[in-house]
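Colleague: I'd like to learn how to read side-chain pairs and chain contacts in a model like this one. Can you take me through it, general idea and then the case at hand?

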Amino acid sequence: MRGQTFLGAIALGLLAAGAYVGLVASPPDAFQGEYVRIMYAHVPNAWVAYVAFAITCVASALYLAKRTPVYDYIAHSATELGVVFTGLALVTGSIWGRPVWGTWWTWDARLVTTAVLFFIYLGALLVRGLADDPRRGARLAAVVSIVGFLDVPVIHYSVVWFRTLHQPASLTRGDIKIAPPMLAALLLGLLAFTVLFAYLLTLRIRLARAEDAGEAA
Amino acid sequence: MGWIALAYGIVLITLTTYVLVLRRRLRDATRARGTPTQHSSVR
């Protein structure tokens, strides 16, 4: 409990530092100008959504194999967080696209596959909620979550496989196409959101456990 | 600057609301576990 509060405080501090570096200290982009600052909110949201769905996939597989409730608590919690962060990635991306691309939305491979991911995991939450038997709902959600994770590599490589409007990856192994001050702002944002995600995940798992215990009583 | 404020504002409001809702639900769930329910008190 105390460790969780400490984690939340670290996340808050890192987010404040990330916002300062992203909004004030980092330079504007040569082409996009000030709008590049939206990247420091957009990319970390997309990153933690990937992490959330990877955790969902592993926890779902473990739940199907062992039927231990704790894996379902983790899968359920990570799914909900993944949906929140994917939604934020879509919204911030859309707001970024409006001044830079001149449109809120385009039927681009990266955008469409990300929207599909959002609806798959929203569907996983719905399947869980609509099932009469909670254990059956958990099993169905686990199957949807595992199958849905196949979309993540498609999203990641969509900018390589297809001709897209979306920019390619700025950070790839051994090839960094971004200026050092911008890289620092981006990495700080990624770290801040990762710690925030860890805090939210622990909080959400505690809630899932408490609610399950309440229903079982 | 308006687009940047809009993007950061939506992220800030969404995540703050989410944290507050989670904490509230957790408090309620923990409190419910500590108090005997109508069903259990009848039993």
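Colleague: Is Asp72(A) buried or exposed?

Modeller: The scale is relative accessible area: buried means under 20%, exposed over 50%, partly exposed in between (1.4 Å probe, protein chains only). At 13%, Asp72(A) counts as buried. This is a predicted model, where local features need pLDDT of at least 70, side-chain atom pairs count only at pLDDT 80 or more, and totals for chains, interfaces and linings use all residues. Residues are numbered from 1 along each chain as its sequence is written, chains are lettered from A and ligands numbered from 1 in the order in which they are written, and side-chain values use heavy atoms, with hydrogens and water left out.

Colleague: Which residue forms a salt bridge with Asp72(A)?

Modeller: A salt bridge here is a side-chain nitrogen of Lys or Arg within 4 Å of a carboxyl oxygen of Asp or Glu. For Asp72(A) the partner is Arg128(A), with the closest N and O atoms 2.9 Å apart. Arg128(A) sits in helix α4 of chain A and Asp72(A) in helix α3 of chain A, so the pair ties together parts that are 56 residues apart in sequence. Helices (H or I, at least four residues) are DSSP runs, numbered from the N terminus. Arg128(A) is buried too, at 15%.

Colleague: How many salt bridges are there over all chains?

Modeller: The search of the whole structure gives six. One of them joins Asp133(A) and Arg135(A), at 4.0 Å from N to O. There Asp133(A) is partly exposed at 31%, and Arg135(A) is exposed at 58%. Chain B has Arg24(B) with Asp28(B), at 3.7 Å. Those two lie four residues apart in helix α1 of chain B, about one turn of the helix. Both count as partly exposed, Arg24(B) at 48% and Asp28(B) at 35%.

Colleague: What about the interface: how many residues does the contact take from each chain?

Modeller: Contact means heavy atoms within 4.5 Å. On that rule, 17 residues come from chain B and 32 residues from chain A. The size of an interface is often given as the accessible area lost when the parts come together. Buried area is that loss (1.4 Å probe), summed over both parts. Chain A and chain B bury about 2400 Å² between them, with 80% of it on carbon and sulfur atoms. Trp3(B), Tyr8(B) and Tyr18(B) supply 29% of the area that chain B buries against chain A, more than any other three residues.

Colleague: Which residues form a salt bridge across that interface?

Modeller: The rule finds one salt bridge there. Glu211(A) pairs with Arg25(B), the closest N and O atoms being 3.1 Å apart.

Colleague: And how many aromatic pairs are there over all chains?

Modeller: Rings of Phe, Tyr and Trp (its six-membered ring) pair if their centres lie within 6.5 Å; planes under 30 degrees apart count as stacked, over 60 as edge-to-face and the rest as tilted. The whole structure has seven such pairs. Among them, Trp104(A) and Trp3(B) are edge-to-face, 5.2 Å centre to centre with 80° between the planes. Trp104(A) lies in the loop between α3 (69-101) and α4 (109-130) of chain A, and Trp3(B) in helix α1 (residues 2-34) of chain B, so the pair joins two chains. Trp104(A) is partly exposed at 41%, and so is Trp3(B) at 26%. Elsewhere, ring pairs link Phe85(A), Phe193(A) and Phe197(A) into a cluster.

Definitions and conventions. Buried area is the accessible area (1.4 Å probe) that two parts lose on being put together, summed over both.
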